[in-house]
Amino acid sequence: MAWVVLVLSGMLEAVWATALSASENFTRRRPTVVFLVSLTLSMVGLAWAMTSLPTGTAYAVWVGIGATLTVVWGFFNGSETFTWLRGLLLVLLVGSVVGLKVVS
């Protein structure tokens, strides 16, 4: 169950990172509220998962999921430019996250 919560928390990290950017320095209400709610839920989930998983592994997986999804979202909305090298590096990042799960 800790892994499920950790993955969901990592996904929420991508939500709050995207909302933070969209909040325009907290001047836009809706993205600011989405940021605050998703940040809180993401941190609570990470903290809960860390009660069962090693801290370093949990944090690396959380960051890896959040960073990957944030960049992929950027590819889709046009704020990030896709290159094959960036795609390869994201595949390596995801592979590392899966690897951490396998060896834990």
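**View 1. Thr 32 and what it touches.** Thr 32 is in contact with Ser 23, Phe 26 and Thr 27, once residues up to four places away in sequence are set aside; contact here means heavy atoms within 4.5 Å. Thr 32 sits in helix H2, where helices are DSSP runs of H or I with at least four residues, strands are runs of E with at least two, and both are numbered from the N terminus. With a relative accessible area of 13%, Thr 32 is buried. The cut-offs for that word are under 20% relative accessible area for buried, over 50% for exposed, and partly exposed in between, using a 1.4 Å probe and protein chains only. A word on the model itself: it is predicted, so local features need pLDDT of at least 70 and side-chain atom pairs count only at pLDDT 80 or more, while totals for chains, interfaces and linings use all residues. Residues are numbered from 1 along each chain as its sequence is written, and side-chain values use heavy atoms, with hydrogens and water left out.

**View 2. The loop between H1 and H2.** Glu 24 and Asn 25 both belong to this loop. Neither is a glycine, yet Glu 24 has a positive phi of about 50 degrees and Asn 25 has one of about 60 degrees. Are they buried or exposed? Glu 24 counts as partly exposed, at 49% relative accessibility, whereas Asn 25 counts as exposed, at 67%.

**View 3. The largest nonpolar core.** This core has 14 residues, and those touching the most other members are Trp 3, Leu 6, Leu 46, Leu 53, Ala 58, Val 61 and Trp 62. To count as a nonpolar core, a set must consist of buried Ala, Val, Leu, Ile, Met, Phe, Trp, Tyr and Cys residues joined through side-chain atoms within 4.5 Å. Which helices supply at least two residues each? They are H1 (2–22), H2 (29–49) and H3 (55–77). H1 gives the most, with five residues.

**View 4. Leu 46 inside that core.** Pick out Leu 46, one of the core residues that touch the most other members. Leaving aside neighbours within four places in sequence, Leu 46 is in contact with Leu 6, Ser 9, Ala 58, Tyr 59 and Trp 62.

View 5. Trp 48 lies in helix H2 and counts as partly exposed, at 41% relative accessibility. What does Trp 48 touch, not counting residues up to four places away in sequence? Its partners are Met 1, Ala 2 and Val 5. Trp 48 and Ser 9 are 39 residues apart along the chain, and their C-alpha atoms are separated by 9.9 Å.

**View 6. A nonpolar patch on the surface.** Trp 48 shows up again here, in a patch with Met 1, Val 4, Val 7, Leu 8, Met 11 and Leu 69. Together these residues have about 670 Å² of accessible area, worked out by the Shrake-Rupley method with a 1.4 Å probe, where for residues only the protein chains shown count as cover. Patches are made of residues with over 30% relative accessible area and no salt bridge; nonpolar side chains (Val, Leu, Ile, Met, Phe, Trp, Tyr) are joined within 5 Å, and like charges within 9 Å. H1 provides the largest share of this patch, four residues. Val 4 is found in H1 and is partly exposed, with a relative accessible area of 46%.

**View 7. The salt bridge between Glu 80 and Arg 86.** The side chains of these two residues meet at 2.7 Å, N to O, and the structure holds one salt bridge. The term means a side-chain nitrogen of Lys or Arg within 4 Å of a carboxyl oxygen of Asp or Glu. Side chains of opposite charge can pair when their charged atoms come close. Glu 80 is partly exposed, at 29% relative accessibility, and Arg 86 is partly exposed too, at 31%.

**View 8. Stepping back to the protein chain.** The secondary structure comes to four helices and zero strands, in the pattern α-α-α-α along the sequence. The radius of gyration is 14 Å, close to the 13 Å that the globule rule gives for 104 residues, so the chain is as compact as a globular protein of that length. That radius is taken over C-alpha atoms, and the rule is 2.2 Å times the number of residues to the power 0.38. Buried residues make up 33% of the 104.
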